[in-house]
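Below are some notes for a colleague who has not looked at this structure before. They go from the overall fold to two residues.

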Amino acid sequence: MNDLKITDVRAVMGDSAFLIDNGETAIMYDSGFGFTAEAVCSKIESELGDRELNYIFLTHSHYDHALGSVLAKRKWPDAKVVAGEYAAKIFSKPSAKDVMRQMEAKARKNYGASGSEDLIDALSVDIAVKDGEKIRVGKEEYEAIHLPGHTRCSFGFYNKNRGLLLGSETLGVYDGEGEVVPAYLIGYRTALNSIEKIKNYKIDNILVPHYGLLSKKETVQYLERSRYCTVEFAQSARAIYEKGGKTEDVIEFFKEKYYNEKIKSTYPPDAMELNTRIMAELIKKEFEI
């Protein structure tokens, strides 16, 4: 991919924001927090110079992936925000925006960041995609792949000509050293089905949210560990419950097994505990324990 440059434009480790540029057309892949948007956009401006940002692809509706898109749209009004149809519906709900506002405020405090303009009410999607829909981006083409599991609105985007998958947290969070951390908040079997779905695509490289571009070797390992760790955590949680354990015991197992120093830099403890509790309860329900 010598003619395709992928740049990490995150302002803090917990951000998810990357610039994909073939020299003619530029895509912002995820847009990070709202309070880091100015810094993220400045990095993009440094890369593009006088050129325009053309598209903003969002993997899902969570605040740490989507809120920066509002400021990016202000700076590049012609840029088209692309996301799943369900994400577009979420952005239209005042209750969802209130939750994002609360989560954003907590994250800003955790990072010791100063206040920023609240742009959440301006969240929007220009192109709401369905599973399998093709998006033409200059001379590039991406297929939107619905990958529910992390959220209902989770999507990946596949460039067949390059064998490049713009990934989704449904496949798991990568720690940079070969481990993949489960992150399914909708359902275990739903996430597993999405992981199996990816096998239908010839993938040479994956751009992993919150991390970056994986080499071919890392991509193979990531996909293998994605399925393995998804199943491993579910079966381990099931065993804990069946032995009389509680949700707190499942959370402790998760911490010991997956919550290493690398992951802590992008996954705050409060978010980890909340998400792991959700996963544990889902597993308990799915296995009817």
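1. The backbone oxygen of Met 13 is 3.5 Å from a polar atom of the Arg 10 side chain. The backbone oxygen of Tyr 211 is 3.4 Å from a polar atom of that side chain. Both are polar contacts, that is, pairs of N or O atoms within 3.5 Å; within protein, one atom must be able to donate a hydrogen and the other to accept it, and residues adjacent in sequence count only if both atoms are side-chain atoms.

2. On the source: this is a predicted model, in which local features need pLDDT of at least 70 and side-chain atom pairs count only at pLDDT 80 or more, while totals for chains, interfaces and linings use all residues. Residues are numbered from 1 along each chain as its sequence is written, and side-chain values use heavy atoms, with hydrogens and water left out.

3. The protein has 10 helices and 14 strands, taken as DSSP runs numbered from the N terminus (helices H or I, at least four residues; strands E, at least two). Its radius of gyration is 18 Å, close to the 19 Å of the globule rule for 289 residues, so the protein is as compact as a globular protein of that length. The radius is taken over C-alpha atoms, and the rule is 2.2 Å times the number of residues to the power 0.38. The C-alpha trace spans about 60 × 45 × 35 Å along its principal axes.

4. Of the 289 residues, 54% are buried, meaning under 20% relative accessible area, with exposed over 50% and partly exposed in between (1.4 Å probe, protein chains only). Among contacts with a separation of 6 or more, 67% are between residues 24 or more positions apart; a contact means heavy atoms within 4.5 Å.

5. Where does Arg 10 lie? Arg 10 is in the loop between β1 (5-8) and β2 (17-21). Arg 10 is buried, with a relative accessible area of 10%. Beyond four places in sequence, the residues that Arg 10 touches include Asp 15, Phe 18, Val 40, His 210 and Thr 266.

6. His 65 belongs to helix α2 (residues 63-66) and is buried at 0% relative accessibility. Its side chain makes a polar contact of 3.1 Å with the side chain of His 210. His 65 and Pro 209 are 144 residues apart in sequence, with their C-alpha atoms 8.7 Å apart in space. Outside four places in sequence, the contacts of His 65 include Ser 16, Asp 30, Leu 58, Glu 169 and Pro 209.
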